[in-house]
Amino acid sequence: MTAEPRLAAIVRHPIKSIGHEEIIGASLTKGRALPFDREWAVAHEAAKFAPGLTEWAAKMNFLRGVAGAELMAISAVSDEAARRVTLRHPRAGEIVLAPDGATDQQRLINWLRPLWPASRPAPAFVVQVPGQAMTDWPNPFLSVLGLASNAELGRRMGKTLSIHRWRGNLWLDGLEPFAEFGLIGRRLRIGNAVLKVEQKITRCRATCVDPVTGQEDGDTLAALNANWGHQDFGVYATVEEPGRIARGDKLEIL
């Protein structure tokens with residue numbers, strides 16, 4: 001460890017692959033994902049289901065940064081209580097919407113269309129399944145990542161990497177690069193919550209995109225493979241004991 005480990009950042013993505021936001025704190029619930037993370041997702045015309053989805057569905061059914069790089073440049077600010085989200089993009093501008101409503105769902109789809117490749121199945125409808133985050137896995141995972149790992153990968157690539165290209169939830173400071181992998185099977189106390197680290201996260205080409213510009217600017221996958229022999233970055237964890245977490249909280253490895 002390089003310093004006293006701590007929680008350096010909490011990031012959520014209210015709409016899957018469409019906007020990231022940093023928050024100060026969150027209340028974690030046992031067996032649930034980060035609150036208001038991937039609360040909604042936008043299905044495309046080739047989705048294997050109709051509107052009115054009632055259960056988790058695979059990521060291939062939704063708009064994602066790996067298929068539409070410009071989505072990576074969307075930032076978000078949300079009001080969880082009002083279930084309202086503000087999205088911003090350097091080219092598309094700003095939109096404020098309540099994604100539960102049909103009118104605002106259509107507004108979102110219209111706003112996204114110019115950012116989505118014409119060669120791909122077009123944005124079609126918004127889904128939301130109560131109690132189920134529309135993450136890449138049906139499990140109630142939170143992703144846990146290390147600032148030192150991000151910095152070391154950036155050093156090997158000769159560039160500074162934004163944490164937002166990884167679409168992570170909890171960013172830890174004070175660990176050695178890639179020490180997260182050694183935490184698999186261990187429990188972490190952060191604030192009043194306890195999480196169990198479950199497995200590594202294997203990455204896709206969305207991480208090659210600069211989340212400021214929405215343009216591919218560096219091959220993170222090639223760098224991971226060349227330097228470490230894999231394309232894993234970060235780990236998944238589940239909440240075992242509920243509690244409040246906040247940016248700056250001490251990390252205790254149990």
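A salt bridge here is a side-chain nitrogen of Lys or Arg within 4 Å of a carboxyl oxygen of Asp or Glu. What you have open is a predicted model: local features need pLDDT of at least 70, side-chain atom pairs count only at pLDDT 80 or more, and totals for chains, interfaces and linings use all residues. Numbering runs from 1 along each chain as its sequence is written, and side-chain values use heavy atoms, with hydrogens and water left out.

The structure holds 18 salt bridges. Let's visit a few.

Select D173 and R6: their closest N and O atoms sit 3.5 Å apart. D173 belongs to strand 10 (residues 170–173) and R6 to strand 1 (residues 6–12), so this pair ties together parts 167 residues apart in sequence. (Strands are DSSP E runs of at least two residues, helices H or I runs of at least four, numbered from the N terminus.) D173 is partly exposed at 27% relative accessible area, and R6 is partly exposed at 34%; the cut-offs are under 20% for buried, over 50% for exposed, and partly exposed in between (1.4 Å probe, protein chains only).

Next, pick R83 and E39, bridged at 3.0 Å between the closest N and O atoms. R83 is in the loop between strands 5 (75–79) and 6 (84–89), E39 in the loop between strands 3 (25–28) and 4 (41–44), 44 residues apart. R83 is partly exposed at 25%, while E39 is buried at 17%.

Now jump to helix 2 (residues 147–157), where R155 and E152 are 3 residues apart, about one helical turn. Their closest N and O atoms are 2.7 Å apart. R155 is exposed at 56%; E152 is buried at 16%.
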